[in-house]
Amino acid sequence: QLQLVESGGGLVQSGGSLRLSCAASGFTKETYAIGWFRQAPGKEREGVSCISRRTGTTKYADSVKGRFTISRDNAKNVVYLQMNSLKSEDTAVYYCAKVPEPSGGSSWSMPRFIYGSWGQGTQVTVSS
């Protein structure tokens, strides 16, 4: 079973940058993508970005377009989320998860489901 571990969070000032990593271990034969999600205190979890394992196709939530970049290194089984121009609204716990491959449209939000379960996530705090 595929296991995912998030890392790279921290405290950063508004306008700063962070790079999150989603490290995968284990084997899976299924076709899938990796998605990044976030959840702020008192708010629902929201989709941030996803990338296809096979094709590298990427999608982003409207709120992060132009600021965040998702990428992958299949050889190392790592997916990255480069976050630039961070805002206080980006403060949240960030999670990665195996998701269905994206299709249609240019934006991305919460998928209908994820494979497996949520991990511990990594905290991102953006100060004003």
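In which sense do E5 and strand E6 pair, and over how many bridges? In this predicted model, the two strands pair in the antiparallel sense, and three bridges connect E5 with E6, the latter comprising residues 58–60. One of the residue pairs involved is Ser-49 with Tyr-60, the bridge partner of Ser-49 in E6. Five residues lie between the strands of the E5 and E6 hairpin, in which Gly-56 adopts a positive phi near 80 degrees.

Strand E5 also pairs with strand E4. Strand E4 covers residues 33–39 and is joined to E5 by six bridges, the two running antiparallel. Within this pairing, Phe-37 is found opposite Gly-47 of E5. The hairpin of E4 and E5 has six residues between its strands, and Gly-42 in this hairpin has a positive phi near 75 degrees. Strand E5 itself, spanning residues 46–52, is mostly covered, with six of its seven residues buried.

At the level of the whole chain, the secondary structure consists of ten strands and zero helices. The order along the sequence is accordingly β-β-β-β-β-β-β-β-β-β. The chain is as compact as a globular protein of its length, because its radius of gyration of 14 Å is close to the 14 Å given by the globule rule for 128 residues. The C-alpha trace extends over about 45 × 30 × 30 Å along its principal axes.

Burial and contacts were also computed for the chain. Of its 128 residues, 41% count as buried. Among contacts between residues at least 6 apart in sequence, 62% join residues that are at least 24 apart. The accessible surface amounts to about 6900 Å², and carbon and sulfur atoms account for 46% of this area. The side chains include 15 positive and 9 negative groups, and a distance of 5 Å separates the centres of the two sets.

A residue of the final numbered region was examined individually. Thr-125 is located in strand E10, which comprises residues 122–127. With a relative accessible area of 29%, Thr-125 is partly exposed, since this value lies between the limits of 20% for buried and 50% for exposed residues. When residues up to four places away in sequence are not counted, Thr-125 touches Gly-10, Leu-11, Val-12 and Thr-91. The C-alpha atom of Thr-125 is separated by 24 Å from that of Lys-98, a residue 27 positions away along the chain.

Key:
Residues are numbered from 1 along each chain as its sequence is written. This is a predicted model: local features need pLDDT of at least 70, side-chain atom pairs count only at pLDDT 80 or more; totals for chains, interfaces and linings use all residues. Side-chain values use heavy atoms; hydrogens and water are left out. Helices (H or I, at least four residues) and strands (E, at least two) are DSSP runs, numbered from the N terminus. The radius of gyration is taken over C-alpha atoms; the globule rule is 2.2 Å times the number of residues to the power 0.38. Buried means under 20% relative accessible area, exposed over 50%, partly exposed in between (1.4 Å probe, protein chains only). Contact means heavy atoms within 4.5 Å. Accessible areas come from the Shrake-Rupley method with a 1.4 Å probe; for residues, only the protein chains shown count as cover. Lys and Arg count as positive and Asp and Glu as negative; His and the chain ends are not counted. The place of a charge is taken as NZ of Lys, CZ of Arg, CG of Asp or CD of Glu. Two strands pair if DSSP finds at least two bridges between them.
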